[in-house]
Amino acid sequence: MNPATALATVLVDELVRCGLTDVVLAPGSRSAPLALALHAESRVRLHVRVDERSASFLALGLAKRSERPVALICSSGTAAANFHPAVIEANESGVPLLVLTADRPPELRGTGANQTIDQVKLYGTATRWFAEVGVPEDRPGMVAYWRSLACRAYQRASGPANPGPVHLNMAFREPLIPDGDTSWSEPLDGGANGPWVRARVAPPPIALHIPPTRRGVLVVGDGAANVRRYVAAAGMAGWPVLSEPNGGARYGDHSISSYHYLLGTSEFADSHRPDVVVTLGRPGLSRPLLSWLKRAEEHIVVAPDLDRWPDPTRSATQVAQAVEIPVASGDDSWLHAWRQADAAVRAGLDAVLDVSGTTEPRLARDLVDALPNGALLFCGSSMPIRDLDQTMRPRRGIRLMANRGASGIDGLVSTAMGAALAHNGPSYALLGDLSFLHDQNGLILGPREPRPDLCLVVVNNDGGGIFSLLPQATVRDSFERVFGTPHGVDLAYAAAATGTPYTLLGDVGDLPKAMRGEGPRVVEVRTDREENAAVHGRLREAAQDAVREFLNS
């Protein structure tokens, strides 16, 4: 057996023994040993994509939704460089990826050999661990090295406290395909009962105990862990819960869905300063919330990994791996005030949205309301997730995700595809037109590839809608050219190029009907950027009026 085939066969087998179930492959020549080993491996689900960037974000979505490592494989050269954005997102959002890049052997590096670049630590600090595997050789000891390496890589990627991407760079000499010879200097078999190395998970950390208080607040952002336990504890303590949509805690009687507007009104923010704020995950959608956190007297950040705790406002006073929120006795006036104010603002927001026509904030609200129980909603990182944050009413029964680690708009179609493939139920995505166009290749599916049940709802305002809500909008002379960036693309043709079913939504009331179907499909919703900015202004005014009326009542 040639060494390249032996390494690929052993490595794939050991990763499967560790628990690997999904692999994404971008085809190439130098990665042929891995590709052939995977094609012959019936215990994994193989996904093949022709574009490395789309492949990497597909793997990201699979790993993000399944919460387990997914392997990602490519050939050498710029193929590996195209993985970098997804590796960065996985690093920032704690998603377990096993990145296996094929490489030329050392004697070809630095010589101008075709498709050869420096791939050693290619992704810099964006990985949890890197290993240069080395050129495989037919000598005793190789099998133990390869199998223990695979176990270490899988464990480092999966965490458990700090999951993220791991990079193995694998140099292969030719021949790259099986030669018909099965002999090797030692047995290639793995352990009799599972992985070569069994990693044991550490016991749960000792929780930090907070003094009992009724004037506490639980804030939940992206990537939060153990959400239900903390929401239940906050409920017993009488605390309001301020959760971003992708935080997974916007449900129940304690959920304050209009916190963006409440805290954006100075009178309310000043009069509702808590004794303590406990933060899960990484909040980052609402500027009023972040400004309010800066003024918290006691701000406890819960971070499973104490080497990486989120604190963008530099307001944390304590960081703990776990927190115990005790039941507090006393009246419930604190929570009651939050809930009354939230109800008043919610009514004001809904009154504006109900008469706004087919607008982006209304689409976001109505889309969540229309989703069936058990659905997954993947949301774009720019305006769609912010519209959801500001308009989504509390509800149970859905899973909402977004790429908010680095908050880029690249690879979102593919990430949504991957998340849908890992989700057991119907899946939907809410994306902007630029995000959709940025990853059109995500719609390319070969005839033998697993096909997700995914409806992509694309808001088309012919450009970068978020800039119309930022100070850049006041620079009228240059705004359209360098910020608005109208593209004029007919999305129906973009969908038709890949044979993806397409629907143009005329009225937001027809949204549930438009989303019906099976497999990948696109629903386009056309909006106007200037009208969108005006609707956001009316929402802000209605919310402020409602808050002030509540405070003066």
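Hi everyone, let's begin with A234, which sits in helix α7, residues 227-237. Helices here are DSSP runs of H or I with at least four residues, strands are runs of E with at least two, and both are numbered from the N terminus. Before going on, a word on the model: it is predicted, so local features need pLDDT of at least 70 and side-chain atom pairs count only at pLDDT 80 or more, while totals for chains, interfaces and linings use all residues. Residues are numbered from 1 along each chain as its sequence is written, and side-chain values use heavy atoms, with hydrogens and water left out.

Back to our alanine. Is A234 buried or exposed? A234 is buried, at 0% relative accessibility. Buried means under 20% relative accessible area, exposed means over 50%, and partly exposed is in between, with a 1.4 Å probe and protein chains only. Setting aside residues up to four places away in sequence, A234 touches L218, W239, V241 and H254, where contact means heavy atoms within 4.5 Å. From A234 to E324 the C-alpha distance is 9.9 Å, and the two are 90 residues apart in sequence.

Now over to R308, in the loop between β11 (299-302) and β12 (318-320). R308 is partly exposed, with 35% relative accessibility. L149 is 159 residues from R308 in sequence, and their C-alpha atoms are 25 Å apart.

Next, the whole chain. You'll find 19 helices and 19 strands in the chain. The radius of gyration is 25 Å, close to the 24 Å that the globule rule gives for 553 residues, so the chain is as compact as a globular protein of that length. For that, the radius is taken over C-alpha atoms, and the rule is 2.2 Å times the number of residues to the power 0.38. Along the principal axes, the C-alpha atoms fill a box of roughly 85 × 55 × 40 Å. Of the 553 residues, 56% are buried. If you take contacts between residues at least 6 apart in sequence, 75% of them join residues at least 24 apart.

On to the salt bridges, each one a side-chain nitrogen of Lys or Arg within 4 Å of a carboxyl oxygen of Asp or Glu. How many salt bridges does this rule give? The count comes to 29.

One of them pairs R43 with E41, with the closest N and O atoms 2.7 Å apart. R43 is partly exposed at 45% relative accessible area, whereas E41 is buried at 13%.

Another joins the side chains of R365 and D350, at 3.1 Å from N to O. R365 is in helix α12 (residues 360-370) and D350 in helix α11 (residues 333-354), so this pair ties together parts that are 15 residues apart in sequence. Both R365 and D350 are buried.

Then there is D369 with R393, whose closest N and O atoms are 2.3 Å apart. D369 belongs to helix α12 and R393 to the loop between α13 (383-391) and β15 (398-402), so the pair ties together parts 24 residues apart in sequence. D369 is partly exposed, with a relative accessible area of 37%, and R393 is partly exposed at 26%. Through shared partners, salt bridges join R346, D350, D354, R362, R365, D366, D369 and R393 into one network. Thanks, everyone!
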